[in-house]
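Subject: Structure handover

Hello,

Here is the structure I promised to pass on. Please open it alongside this message, then read my notes below.

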Amino acid sequence: MCFSGVVGISKGSVWSVRFSSIALCAWVHGDPRKVVYPTDSSGQFCGQKDTINENKTILFYFNILKCASPIVLINLQCPTTQLCVSKCPDRFATYIDMQGSYRHNKSYWEYYRQFCKPGFNKPWKSVAQVIRDEDCPSMIIPSRPFLKRCFPDFSTKNGILTVANQTTFKDGRGKTRNVTDLREAANGINNVLDARSVGMKIFEDYASSWHWILIGLFIAMIVSLLFLVLLRFTAGVLFWIFILGVIGIIGYGIWHCYWEYDHLQGTPGSDLTIYDIGFQTDFRVYLQLRQTWLAFMIILCIVEVFIILMLIFLRNRIRIAIALLQEGSRAIGYIMSTLFYPIITFVLIAICISYWAVTAVFLSTSGEPVYKVMANQTLCKYANLTCDPETFNTTNVTKLCVGAQCTFAFYGGESFYHKYIFIFQLSNAFVFLWLVNFAIALGQCTLAGAFASYYWAFRKPADIPPCPLFSSFGRAIRYHTGSLAFGSLILAIVQLIRIILEYLDHKLKGTQNSFTRFLLCCLKCCFWCLEKFIKFINRNAYIMIAIYGKNFCTSAKEAFFLLMRNVVRVAVLDKVTDFLLFLGKLLVAGGVGVLAFFFFTHRIPVFTQETPTLNYYWVPLLTVIIGSYLIAHGFFSVYAMCVDTLFLCFCEDLERNDGSTAKPYYMSASLHRILGKKELSPKKAMG
């Protein structure tokens with residue numbers, strides 16, 4: 001029924017309609033209340049309006065000792081009767097004690113009956129029958145609500161676990177038990193409750209410091225902008241400082257290895273070889289051998305010589321890379337609006353995440369109530385079989401299995417839709433990956449178009465078209481949506497395969513043989529490499545699409561061969577750019593983080609009075625550091641896209657033009673000087 005709307009749709013839109021149908025079916029069949037509200041043994045929501053449970057918002061377990069762990073409790077799989085109540089019990093009591101005092105104290109029963117099944121009013125019924133039919137709990141214990149469920153009110157007194165200051169309790173079946181039995185039955189509940197307290201303190205810290213966090217993030221944005229501006233003038237200086245620093249560190253390592261090698265001369269046992277002592281778990285043994293330090297020294301010498309030779313032979317390409325970095329800063333300076341485009345990408349991705357999350361919740365809550373026979377599995381062959389609560393009492397199950405009940409188990413079904421919920425969840429994840437990749441591709445194509453308009457302007461900035469970012473965005477939406485969707489589709493397929501491989505690896509863990517582990521490991525490695533390669537090809541294909549407007553396949557092919565013809569330049573530029581941007585991210589996040597640390601720890605005398613009092617100063621501190629890094633990453637991703645676009649344009653410019661009057665270069669004067677070719681035309685030089 002859900003997919004009948006697909007018939008008659010053109011092939012080009014079949015997949016989009018199918019994915020929309022999945023979401024529509026999920027929203028029709030799903031019910032998020034199943035996640036938010038607990039469900040009693042009758043399948044009714046606690047706290048649901050216009051029902052008998054409207055004022056009963058908390059779930060109570062008749063015998064929590066039957067619950068193996070908190071996971072079982074939260075997933076509603078505890079094999080005991082579950083009842084909606086208005087409040088949790090606040091005292092220890094048993095049905096036996098209540099019945100013994102019923103004749104002279106009716107208030108005992110009035111309190112106890114609110115934890116019995118609705119309508120039950122037979123306090124004189126024998127204890128054995130009540131426990132068999134689970135009309136009332138055999139005991140109640142002091143509890144407090146958590147996740148809208150009653151859990152034992154654990155506390156620790158002098159290192160001893162207690163419930164309401166007691167270490168023992170009566171189980172209502174004639175036994176006295178220790179509260180540690182409750183702890184074992186509800187394993188980990190104390191930690192969860194403590195986590196709630198920590199969560200409240202963290203919330204308080206955010207409430208008192210949120211405006212200072214925003215100030216810190218604003219400072220990070222300003223610093224990121226300043227770093228991009230300074231990079232225009234300091235890219236070369238930063239790179240050579242890094243290179244000289246690396247050469248100096250390796251040189252010191254060579255000297256230290258020689259010093260250790262010479263210092264160990266004459267030391268007993270230092271002349272042994274690594275082969276003589278074999279494999280040792282304590283690696284400090286190897287540091288006492290001269291051969292080890294000699295090997296380290298030789299390796300470092302080889303690395304040092306390799307770096308120096310690379311600098312000598314690649315000096316021109318390194319100069320081009322630095323010039324492109326400076327040109328990128330200049331381009332961003334002319335098109336400042338590009339720095340704020342990541343906000344649009346963030347909003348689009350947030351919408352994609354919301355769509356995926358809502359659909360996933362509706363899918364996971366799809367289904368009808370499923371009831372199962374609850375009885376002793378060793379004595380009843382019908383235990384855990386599905387049943388119908390309306391006809392259950394008319395069957396022979398109650399006669400063959402004394403005390404058996406038909407209680408709610410979970411939401412599900414046997415229809416085609418319910419059988420393939422997992423497939424639908426996988427399809428929903430695939431749609432999510434596709435949409436996210438499309439949002440990223442749209443941003444890359446838009447930025448590439450804006451920066452390409454800068455490069456191909458013959459006189460900069462006079463020939464740069466007005467509103468280049470807005471114009472590029474309009475072209476991407478109007479003409480290149482299909483190409484962007486196709487590239488995103490290929491990447492989403494590879495990512496989905498990786499997710500499936502991870503799922504299989506998780507499911508088969510512990511049961512797979514050596515060959516299976518090896519095969520899965522190889523597949524995961526191959527598809528990881530494939531994903532990285534496709535991301536690289538897609539990124540450059542989108543640049544070519546923005547420049548020439550060709551389809552995805554043609555653009556990807558032309559971009560790939562263009563990069564292969566300039567593979568050395570690609571490698572040098574990629575490493576130089578990655579280092580400088582990584583350095584910038586660390587400087588922004590680290591600098592703002594240090595400032596936030598001194599502020600939130602009251603170490604800045606000027607702001608001592610304004611600094612808020614916090615439970616955990618690391619809460620706003622980590623928020624500022626992580627937020628600063630993400631802000632810097634957003635700004636610098638624009639810079640990286642700018643450099644990549646200018647590089648492809650630069651390579652195209654070299655292949656299409658020769659610097660003559662008929663075919664002048666479009667590159668800037670600084671790039672042209674580095675090439676060492678003929679001078680630019682007078683018109684170009686003036687620009």
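Is the crossing of H15 and H21 right-handed or left-handed? The crossing is right-handed. One caution before the rest: this is a predicted model.

**The whole chain**

The chain has 687 residues, and 43% of them count as buried. Its secondary structure comes to 23 helices and 13 strands. Take the contacts between residues at least 6 apart in sequence: 69% of these join residues at least 24 apart.

**H15 and H21**

One of its partners is helix H21, residues 618-656. Two packed helices are described by the angle between their axes and the distance between the axes. For H15 and H21, the axes come within 9 Å and cross at roughly 50°. H15 is therefore oblique to H21.

Who meets whom? On the H15 side, the residues are Gln444, Leu447, Ala448, Phe451, Ala452, Tyr454 and Tyr455. On the H21 side, they are Val638, Met641, Cys642, Thr645, Leu646, Cys649, Phe650 and Asp653. By class, this contact has 12 nonpolar, two polar and one charged residues.

**H15 and H16**

H15 also packs against helix H16, residues 468-479. Here the axes come within 8 Å and cross at roughly 130°. That angle makes H15 oblique to H16. This crossing, too, is right-handed.

From H15, the contact takes in Leu442, Cys445, Thr446, Leu447, Gly449, Ala450 and Ser453. From H16 come Pro468, Leu469, Ser472, Phe473, Arg475, Ala476 and Ile477. The classes are nine nonpolar, four polar and one charged.

**Two residues in H15**

Start with Ser453, which sits in H15. Its relative accessibility is 16%, so Ser453 counts as buried, the cut-off being under 20%. The side chain of Ser453 reaches the backbone oxygen of Ala450 at 2.4 Å. Leaving out residues up to four places away in sequence, Ser453 touches Pro465 and Pro468.

Asn437 counts as buried because its relative accessibility is 9%. Which side chain does the side chain of Asn437 make a polar contact with? The partner is Gln495, at 2.9 Å. Beyond four places in sequence, Asn437 touches Ser488, Leu491, Ala492 and Gln495.

Now look at Cys467, in the loop between H15 and H16. Is Cys467 buried or exposed? Cys467 counts as exposed, because its relative accessibility is 54% and the cut-off is over 50%. Its phi also deserves a look. Most residues other than glycine have a negative phi. Phi of Cys467 is positive, near 50°.

**Cys136**

My last stop is in another loop. Cys136 lies between helix H6 (127-133) and strand S4 (139-140). Cys136 is buried, with a relative accessible area of 3%. Setting aside neighbours within four places in sequence, Cys136 is in contact with Phe62, Tyr95, Trp109, Tyr112, Cys116, Phe120 and Val130. What separates the C-alpha atoms of Cys136 and Asn63? The distance is 9.9 Å, though the two residues are 73 apart along the chain.

Best wishes

How values were computed
Residues are numbered from 1 along each chain as its sequence is written. This is a predicted model: local features need pLDDT of at least 70, side-chain atom pairs count only at pLDDT 80 or more; totals for chains, interfaces and linings use all residues. Side-chain values use heavy atoms; hydrogens and water are left out. Buried means under 20% relative accessible area, exposed over 50%, partly exposed in between (1.4 Å probe, protein chains only). A polar contact is a pair of N or O atoms within 3.5 Å; within protein, one must be able to donate a hydrogen and the other to accept it, and residues adjacent in sequence count only if both atoms are side-chain atoms. Contact means heavy atoms within 4.5 Å. Helices (H or I, at least four residues) and strands (E, at least two) are DSSP runs, numbered from the N terminus. Axes are lines fitted to C-alpha atoms, for helices over the stretch in contact, and angles run from 0 to 180 degrees between N-to-C directions. Angles under 35 degrees count as roughly parallel, over 145 as roughly antiparallel, 65 to 115 as roughly perpendicular and the rest as oblique. A crossing is left-handed if the near helix is turned anticlockwise from the far one by less than a right angle, and right-handed if clockwise. Ala, Val, Leu, Ile, Met, Phe, Trp, Tyr, Cys and Pro count as nonpolar, Asp, Glu, Lys and Arg as charged, and the others, Gly among them, as polar.
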